[in-house]
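Here is a walk through one model, strand by strand and then out to the ligand. Keep the viewer open as you read.

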Amino acid sequence: MTIHTPVATSLATPIALQRPHVIEFGAGTAPLAGRWAAGRGFRRILVVADAFNAGRVDVLGLEGEVTVFGTVKPEPDVPNLDEALALAAEVKPDLVIGFGGGSAMDLAKLVAVLPGSGQTLHEVVGPEKVAKKGAALMQVPTTSGTGSEAGTRALVTDPATQNKLAVQSLFMLADIAIIDPALTLTVPSAVTAATGVDAMAHCVEAFTSKKAHPLIDMYALEGVRLVGRFLGRAIADGSDIEARAGLSLASLYGGYCLGPVNTTSGHAVAYPLGTRHHIAHGAANALIFPHTLAYNAPVAPEKTAAILAALGLPASSRQEEVFASAHRYCAELGCEMKLSALKVPEDDLPVMAGEAHAIRRLLDNNPRDLSRDDILAMYRAAY
Ligand SMILES: NC(=O)c1ccc[n+]([C@@H]2O[C@H](COP(=O)([O-])OP(=O)(O)OC[C@H]3O[C@@H](n4cnc5c(N)ncnc54)[C@H](O)[C@@H]3O)[C@@H](O)[C@H]2O)c1
Ligand SMILES: [Fe+2]
């Protein structure tokens, strides 16, 4: 299929790629963590992990003085980050390792740069505000969703405003990312579905963004294709290592999409579900996905059709067909597609629409303008 240029996809637009210096990929690569750390002479290591992964830090084969912060919460908030920073101030690690899903990896990024910097979290929110590199950073993802291992961004929820504070800094890029799909074999099927849709959403939204770029489009479309091919398989059989590896790659490609292009309306409209109602990031994205894909279809018809085809669905750019296909796809993966079923109170929808509409860093790059009422209409349709 020929893909015409629906939005600002242009070879003439300058773009920069930032990647970890080393990316190890493959089943059984986790013990390379210890070998790499020892080879670089790191002796004081702080592992930032969620409770599940804190229980199996030994798979990394680390030597030396190893301290584990093992209480990263899903969708971490500022108090959770503060606990990790307090431990880092005591340990003074020379290497920080994020070991877990996006929640652990995002906190690890901030734990690597903030202690001893003299900067507070609020001073570094936004692009490139971090003053200098701190400890060395290794990322070891254990979900296939966020692609955080490959990126420069960290998201932490501010309990005061319920917003996600986004910090972006080249100093938070991993020195090494070790992507071992075998670490994801234990991910329960509902989390597999949600995180897989998250990876797909990163690719889809970057592909249709106003900032879309041919250099990234290639990863975006291939990431969607990998999800189309492997997500159903991994949900049906969690021990399918080929499917798990395909999703780890899709997640990495999604991470490549986030840095230079980033997400648009799908993530913006999904955020209040996580911040206000604690719905898992991927589950929120799945619920919103058909609404924003269909909304954008008229201004990105070729790319929308290519996305559906990559997912193995009938290629279409007609709004109703796009919505029906995308909705059925997510529902068949087992994702909950109704806000009411997730116990979101109906009278909160207008406030949520206002919050989503205020996320200009994402919405300004959506190919089609969304008013607050457009967002509210999506929430009502999803209720
Ligand atoms: N930095 C970025 O660019 C970026 C991109 C997208 C999302 N995010 C952020 O990432 C966070 C979500 O990350 P996530 O979706 O990976 O979920 P998560 O890290 O919150 O993990 C979800 C759950 O799965 C468990 N878990 C993790 N690995 C497991 C394994 N191998 N086996 C069994 N259980 C496992 C965790 O303990 C947790 O309970 C959100 O805060 C989101 O905002 C960041
Ligand atoms: Fe995401």
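Strand E6, residues 136-141, is largely enclosed by the rest of the structure, because 5 of its 6 residues are buried. Bear in mind that this is a predicted model, and a residue counts as buried here if 20 or more other C-beta atoms lie within 10 Å of its own.

What does E6 pair with? One partner is E4, joined to E6 in the parallel sense over 6 bridges. Look for alanine 136 in E6, the bridge partner of leucine 95. Another partner is strand E9 (residues 176-179), also parallel to E6, with 2 bridges. There, methionine 138 stands opposite isoleucine 176 of E9.

E2 and E4 (residues 95-100) run parallel and share 5 bridges. E2 also pairs with E3 (residues 65-72), again parallel, through 6 bridges, and aspartate 50 faces valine 72 of E3. Strand E2 (residues 44-50) has 6 of its 7 residues buried, so the rest of the structure largely encloses it too.

A separate piece to look at is an open sheet of 3 strands in the order E5-E8-E7, with mixed pairing. E5 (126-127) and E7 are its edge strands, each pairing on one side only. E7 and E8 (residues 163-168) are antiparallel, with 6 bridges between them, and aspartate 158 sits opposite asparagine 163 of E8. As a reminder, strands of a sheet pair through backbone hydrogen bonds, either parallel or antiparallel.

Here are the strand pairs side by side:

| Strand pair | Sense | Bridges |
|---|---|---|
| E2 and E3 | parallel | 6 bridges |
| E2 and E4 | parallel | 5 bridges |
| E4 and E6 | parallel | 6 bridges |
| E6 and E9 | parallel | 2 bridges |
| E7 and E8 | antiparallel | 6 bridges |

Now for the ligand. Where does ligand 1 lie? Domain 1 (30-179) and domain 2 (189-382) both give residues to the shell around it, so ligand 1 lies between them. Of the 31 residues around ligand 1, the ones that come nearest are Asp50, Pro74, Gly101, Gly102 and Ser103.

H4 gives the largest share, 4 residues. By type, the shell divides into 10 nonpolar, 16 polar and 5 charged residues.

H6 also holds a residue you might pick out, valine 197. Is valine 197 buried or exposed? It counts as buried, because it has 28 C-beta neighbours inside 10 Å. Beyond its neighbours within four places in sequence, valine 197 is in contact with Gly282, Asn285, Ala286, Phe289, Cys330 and Cys335. Its C-alpha atom is 9.3 Å from that of valine 224, which is 27 residues away along the chain.

Last, a word on confidence. The chain has a mean pLDDT of 96, and 98% of its residues reach 70 or more. Over residues 1-5, though, the pLDDT is below 50, and this stretch has 5 contacts in the model beyond near neighbours in sequence.

Definitions and conventions:
Residues numbered from 1 in each chain as written. Chains lettered and ligands numbered in written order. Predicted model: local features only at pLDDT ≥ 70, side-chain atom pairs only at ≥ 80, totals over all residues. Buried ≥ 20, exposed ≤ 12 C-beta atoms within 10 Å, placed from the backbone. Pairing = 2+ DSSP bridges. Near = placed C-beta within 6 Å. Nonpolar A, V, L, I, M, F, W, Y, C, P; charged D, E, K, R; others polar. Domains from an automatic or database assignment. Contact = placed C-beta atoms within 7 Å. pLDDT = per-residue confidence, 0-100.
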